[in-house]
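Subject: Structure handover

Hello,

I am passing a structure on to you, with notes on what was found in it. Please have the sequence and the model open while you read.

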Amino acid sequence: MIKRCTELPENFPVTEDMVKAFLSGKTLQEEMQVFLGHYPEQHFSEKLPLQKMKDFKKELKDLSAEIHLRNVELELPYTYLDPEKIEASVAL
C-alpha cells in the first residue's frame, strides 16, 4: 500500500543535514507540502508544458479569487476547495 507522508516519522533514518543540499533552501517538512499548481519548473524545458503550467496556474488563481469574493458575504466562509489550500496529490 502506498501512503503519502504528511509529517516525518520519529524514527525517520534520514536527517535534514543529510539531504540539505537537495532541498533548495527548504526544510524537509516544507518539501513535503506542494500545493496545487506548483511544480519544479526546472524539470520542464519545452515551450508547450511551460505554457500549460502557466495557464493552469492562472485558472487556479482566478478560481481562488472567485472563492474569496463569494466568501466575503458568508458568515462561515467555505475554503475547503480553495486552490491556495489544496496540496498536490503527488508531492516529494
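Where is the place of Ser-64? Ser-64 is in helix H3. Helices here are DSSP runs of H or I with at least four residues, strands are runs of E with at least two, and both are numbered from the N terminus.

Before the details, two notes on the source. This is a predicted model, in which local features need pLDDT of at least 70 and side-chain atom pairs count only at pLDDT 80 or more, while totals for chains, interfaces and linings use all residues. Residues are numbered from 1 along each chain as its sequence is written, and side-chain values use heavy atoms, with hydrogens and water left out.

The chain as a whole

The protein chain has three helices and zero strands, which gives the pattern α-α-α along the sequence. Of its 92 residues, 16% are buried. Buried means under 20% relative accessible area, exposed means over 50%, and partly exposed lies in between, with a 1.4 Å probe and protein chains only. The chain exposes about 8300 Å², and carbon and sulfur atoms supply 59% of that area. Accessible areas come from the Shrake-Rupley method with a 1.4 Å probe; for residues, only the protein chains shown count as cover. Among contacts (heavy atoms within 4.5 Å) between residues at least 6 apart in sequence, 41% join residues at least 24 apart.

Helix H3

Helix H3 covers 47-71. Its buried residues include Met-53, Leu-60, Ser-64, Ile-67 and Asn-71. Leu-63 also lies in H3, but it is partly exposed, with a relative accessible area of 38%.

Salt bridges

How many salt bridges does the structure hold? There are two. A salt bridge is a side-chain nitrogen of Lys or Arg within 4 Å of a carboxyl oxygen of Asp or Glu. In general, side chains of opposite charge can pair when their charged atoms come close.

- Asp-62 and Lys-58 meet through their side chains at 2.8 Å, N to O. Both lie in helix H3, four residues apart, about one turn of the helix. Asp-62 is partly exposed at 40% relative accessibility, whereas Lys-58 is exposed at 53%.
- Arg-70 and Glu-66 form a salt bridge with their closest N and O atoms 2.7 Å apart. These two residues are also in helix H3, four residues apart, about one turn of the helix. Arg-70 is exposed, with a relative accessible area of 60%, and Glu-66 is partly exposed at 39%.

The segment after H3, against the helix

Asp-82 is in the segment after H3. Is Asp-82 buried or exposed? Asp-82 counts as buried, at 1% relative accessibility. Leaving out residues up to four places away in sequence, Asp-82 touches Ser-64, Ile-67 and His-68.

Asp-82 and Ala-65 are 17 residues apart in sequence and 8.9 Å apart in space. Leu-63 and Pro-83 are 20 residues apart along the chain, with 7.4 Å between their C-alpha atoms.

The aromatic pair and the nonpolar patch

The structure holds one aromatic pair. Why is the pair of Tyr-78 and Tyr-80 edge-to-face? The ring centres of Tyr-78 and Tyr-80 are 5.2 Å apart and the planes are at 70 degrees, so the pair is edge-to-face. Rings of Phe, Tyr and Trp (its six-membered ring) pair if their centres lie within 6.5 Å; planes under 30 degrees apart count as stacked, over 60 as edge-to-face and the rest as tilted.

Tyr-78 is in the segment after helix H3 and is partly exposed at 44% relative accessibility. Tyr-80 is exposed, with a relative accessible area of 64%. Leu-74, Tyr-78, Tyr-80 and Leu-81 make a nonpolar surface patch of about 470 Å². Patches are made of residues with over 30% relative accessible area and no salt bridge; like charges are joined within 9 Å, and nonpolar side chains (Val, Leu, Ile, Met, Phe, Trp, Tyr) within 5 Å.

Regards
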